[in-house]
Amino acid sequence: MISLVIVFYMFVILFGFIGAMRGWAKEILVTFSVILALAFISVIELLLPMVGPFIQSNPSMQYWFRILTVVLMAFFGYQSPKFSRLSKAAERRDRIQDVMLGMFLGLVSGWFVIGTLWYYTHQADYPMLAKYVVPAQGDMAESMQRILKLLPPVWLGKQPNIYIAVVLAFIFVIIVFL
């Protein structure tokens, strides 16, 4: 049996390899798409008077709303267009620097995407996975709890942190990509 912590790290490393192949600029957009997804979830659940209480009153609906929002935003983040400025930025840099920075930012985007999905699944008590997930014991349980406290929805999903992150992401995009 394999621990969820190990599976999490395997996925993050996979995202790092994907980031190395795609380049740093596209991986930044994926990370920003998850930040935007967290902001969208926060706005819908906390600020819309008709929709928020309806979603929050049904735990299954809340789980699927959150998961589908993150997956869709990450999907569209990976389908980023080929900006001419992005390709020019990649041409100017040495290839090894682009690969290393892409790998690092791929690890970060993996932490954001997989970490957010894991956090929401853990909060919902692993729906549809309950028969496959066995509670962790001993050191693995402690390791899992430490990691769960560091995932993006814990420190970024709260107000006003998420709104500050969205503003900073848009400022970064305007300065670097436009």
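Reader: Is V43 buried, partly exposed or exposed?
Author: V43 is partly exposed, with a relative accessible area of 30%. Keep in mind that this is a predicted model.

Reader: Where does V43 sit?
Author: V43 is in helix α2. That helix covers residues 24-47.

Reader: Which residues form the nonpolar patch on the surface?
Author: V43, L46, L47, L48, M50 and V51 form it. Together they have about 540 Å² of accessible area.

Reader: And which helix gives the most to that patch?
Author: Helix α2 does, with three residues.

Reader: OK, now the inside. Which residues touch the most other members of the largest nonpolar core?
Author: F8, I35, V113, W118, Y120, L151 and L156 do. The core has 44 residues.

Reader: Which elements give two or more residues to this core?
Author: They are α1 (4-22), α2, α4, α6 (95-123), α7 (138-148) and α9 (161-177). The largest share comes from α2, with 13 residues.

Reader: Why would nonpolar side chains be found together like that?
Author: In soluble globular proteins, nonpolar side chains tend to be buried together.

Reader: Let's zoom in on I35. What is it in contact with, leaving aside neighbours within four places in sequence?
Author: I35 is in contact with F112, L156, I162, A165 and V166. L156 is also one of the residues that touch the most other core members, as is I35.

Reader: New topic. How many salt bridges are there?
Author: The count comes to two. In one, the side chains of R66 and E45 meet, at 2.9 Å from N to O.

Reader: Where are R66 and E45 in the chain?
Author: R66 is in helix α4 and E45 is in helix α2. They are 21 residues apart, and the pair links distant parts of the chain.

Reader: Are R66 and E45 buried or exposed?
Author: R66 counts as buried, at 14% relative accessibility. E45 counts as buried too, at 7%. The cut-off for buried is under 20%, so both values fall below it.

Reader: Which side chains meet in the other salt bridge?
Author: Those of E27 and R22, at 2.9 Å from N to O. E27 is buried, with a relative accessible area of 0%. R22 is partly exposed, at 23%.

Reader: What about the backbone? Which peptide bond is cis?
Author: The one from Q159 to P160, with omega near -5°. P160 lies in the loop between α8 (152-155) and α9.

Reader: Why point that out?
Author: Most peptide bonds are trans. Most residues other than glycine also have a negative phi.

Reader: So which residues have a positive phi without being glycine?
Author: Y126 is one, with a phi of about 55°. M128 is another, with phi near 65°.

Reader: Where are Y126 and M128?
Author: Y126 is in the loop between α6 and α7. M128 is in the loop between α6 and α7 as well.

Reader: Last one. Are they buried or exposed?
Author: Y126 is buried, with a relative accessible area of 9%. M128 is exposed, at 63%.

Terms used. Residues numbered from 1 in each chain as written. Predicted model: local features only at pLDDT ≥ 70, side-chain atom pairs only at ≥ 80, totals over all residues. Heavy atoms only, no water. Patch = residues over 30% accessible without salt bridge, like charges linked within 9 Å, V, L, I, M, F, W, Y side chains within 5 Å. Areas by Shrake-Rupley, 256 points an atom, 1.4 Å probe, with all protein chains shown as cover. Salt bridge = Lys/Arg side-chain N within 4 Å of Asp/Glu carboxyl O. Helix = DSSP H or I, 4+ residues; strand = E, 2+ residues; numbered from the N terminus. Buried < 20%, exposed > 50% of the residue type's maximum accessible area, 1.4 Å probe, protein only. Core = buried A, V, L, I, M, F, W, Y, C linked by side-chain atoms within 4.5 Å. Contact = heavy atoms within 4.5 Å.
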